[in-house]
Amino acid sequence: MSFVEYSEIIQEGDVVIIFQGHESMMPIKVQSGAQTQTRYGAIRHSSDLIGQRFGSKVTCSKGGWVYVLHPTPELWTVNLPHRTQILYTTDIANITLMLELKPGSVVCESGTGSGSLSHSILRTIAPTGHLHTVEFHAQRAEKAMQEFKEHKVSHLVTVRNQDVCKDGFGITGIADAVFLDIPSPWEAITHAKSAIKRKGGRICSFSPCIEQVQRTCEALLDHGFEEICTLEVLLRVHDVRTVTLPLPDFGPEEDSTDIPNTGNSSVICRTATPPREMAGHTGYLTFATKPRD
Amino acid sequence: MAESVNDSDAESRISFGDYVVLKRGDVFKSVQVENKKKVIFEKQWFFLDNAVGQLFGTRFEIGAGGSLKLKAAKHSGDSLDSKEAGQDNRHILDDGKSQKLTRDDIETLKEQGLKGQHLYSIVNVFVYFSHLRYDTLAQILTLGNIHAGSKILVFETCAGLVLGSVMERMGGFGSVIQMYPGGGPTRAGMESFGFPSHFHETLHEFPLCKVNALLAGTLDLSEKDADGNRRSESSQETSGVSEERSSEPQSMEVSVDQQEEMRRVERERLREQKAQEKKVKMEEKRKKLASAAALLEGRNADGLVIASRFHPCPVLMGLLKFIAPSRPFVVYCQYREPLIECYTKLREQGGAISLRLTDSWLRHYQVLPNRTHPVLLMSGGGGYLLSGTTVAADSAKTRNQHKSEEHVAKRLKLDEISSA
């Protein structure tokens, strides 16, 4: 198992996702001899997990069962331990496409935060790319390094514990793309620009507040970035359900041989309703291109 | 756009014969670069000759006599222009009025493909032909966990746009099997990505009409010709014919012109050459079918992407059989109801979890000092996605067991409380 490569059989040391039901999942680290409690009972790692196929059903001690899933960055995003507010898959998907990330891309990111976007980037740039991620909080930087190692992706990433606004990304002229999710992104634009390759590249800045966006766009303009574009994307989840709609009774029809509807009959419809409230605002995404030097 | 590993500029330089996209603000035009050919764009005429040898993305000015000159280094004032252009670039999707591409341009782009554009530009232009908005495409690629080294099944009728995007995210590693309806796979859109040749080795195709045979284990991969006759029979036929023909000249030798004889021999040679070429093509086709079948029959593909005008339900139910457990699948449909059907069917049948029916809203902003506000909201028109994860196939028996187990668990809890 790794977060950048699928495997078929669960092994000792793997991180797996236990699926207990709709919207109820948890990550666990597989260790020989260990046990994990679920709502349906205990799972014994040695007998129930190691050697089993990913995706199989595991019966727990109380008789109920769960599924064991191969980790993916998307599953990780909804199950990871939060150390900061994180980016969710909807934003991540658009960032990935609009920064044109692909295998071999060299990417700079700050701040690392809880590693939600980092894992997604690593999956996309593997096996030949590299991620340079900067986190100014020492403990979070350390935790991130630990997780990358556990998830077997540390060969693809370099974590630096420094302040990106003062010290930059630690590299220059090698990045295809830069991503900023920091309180004052305009302060990091100079460093972002120097990190990007001479032949040009893409930049994205994520900010919750429009004032931050305004200052960032200004800084991008001043530094010669082109095609500056700000957008927001929201995902709407449709709730698929069966509804029963009663039919009206208009009384018996004149000259009709049909059996009249004497009430109490209804029609069953399968439909999907949008949620009453749209997903909340996460942040604005500002993209730009650094042209060829 | 795929770029060469050693980062050379060679592939990014304009050559004669290339189809390029001219861009001025939010107006695009596709033209072919031809020697001394007059091009008209945005009410100006010029020649593209001076563009040859320059890099894609270079800015030009139109000088005297219609010749192109490299544009001087830009000042930040100029960026304002391109910034707005960059925003309007995305507007082309929704507002028919701002679209300046003519019908001809679109047809040209469709046929000839693009070169030298960033993917997001390609996506913007291609959306005209496929109703697939780029934010929906973004979701497909990420929800599908498309990455290097996996084995992905794709079924799409988006002119190859989805296929190309998947291939780009695979980076030439792993394999992509394109399932296709009818005669052959359409890949025009994929070609425009400009992948290096080794990428094409990872691309396979398999016809839908042979899926059932493959699943049943009855797929015939032996050598056959186009008519489905066994090869040996047909080759006997052709050799029989040539025997007849070769006997003819002998009897007519006395009366026929020598030139006539040469022509006859030449015709025979061409006939045989054509038959030989046909044989080679059939063999190639057979080999391709066999290699795709070999990849599919393990039923261990790592992901499934469906984006077509076909009803998604039977396509999904049919192709899911090839996917390993604990792998993602994503189905795009312009309309919601067919995906509701898929959802319902999957619930009944089992074998899939975390089913989600979604669509995304996209809003653009104009960001200018004292003039910042949203400009465009794109919603609903981007189509819908059904995504989920496969799991080990569920038998009805065990599912019911689960239901009763839930009751047991609840009862246990109550007992615990009462005994406390």
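## Strand β11 of chain A

In this predicted model, strand β11 (residues 201-207) of chain A has 7 of its 7 residues buried, so the rest of the structure largely encloses it. Buried means under 20% relative accessible area, with exposed over 50% and partly exposed in between (1.4 Å probe, protein chains only). Strands (E, at least two residues) and helices (H or I, at least four) are DSSP runs, numbered from the N terminus. Both faces of β11(A) are covered. Gly201(A), Ile203(A), Ser205(A) and Ser207(A) lie on one side; Arg202(A), Cys204(A) and Phe206(A) lie on the other.

Two strands pair with β11(A); pairing requires at least two DSSP bridges between strands. Strand β10 (residues 177-180) of chain A is parallel to β11(A), over 4 bridges. There, Phe179(A) stands opposite Cys204(A). Strand β14 (residues 284-290) of chain A is antiparallel to β11(A), with 7 bridges. Thr286(A) of β14(A) faces Ser205(A) across that pairing.

Just after α3(A), Glu100(A) takes a positive phi of about 60°.

Thr142(B) sits in helix α4 (residues 134-143) of chain B. Thr142(B) is buried, at 0% relative accessible area. Beyond its neighbours within four places in sequence, its contacts (heavy atoms within 4.5 Å) are Glu74(A), Thr89(A), Ala93(A), Thr96(A), Arg123(A) and Arg169(B).

## Helix packing in chain B

Helices α11 (residues 312-319) and α12 (residues 337-349) of chain B pack at about 35°, with axes 8 Å apart. Axes are lines fitted to C-alpha atoms, for helices over the stretch in contact; angles run from 0 to 180 degrees between N-to-C directions. The crossing is right-handed: the near helix is turned clockwise from the far one by less than a right angle.

From α11(B), Pro312(B), Cys313(B), Leu316(B) and Met317(B) take part. Their partners in α12(B) include Leu339(B), Cys342(B) and Leu346(B). By class, this contact has 8 nonpolar, 1 polar and 2 charged residues. Nonpolar covers Ala, Val, Leu, Ile, Met, Phe, Trp, Tyr, Cys and Pro; charged covers Asp, Glu, Lys and Arg; the others, Gly among them, are polar.

## Basis

Residues are numbered from 1 along each chain as its sequence is written, and chains are lettered from A and ligands numbered from 1 in the order written. Local features need pLDDT of at least 70, side-chain atom pairs count only at pLDDT 80 or more, totals for chains, interfaces and linings use all residues, and side-chain values use heavy atoms, leaving out hydrogens and water.
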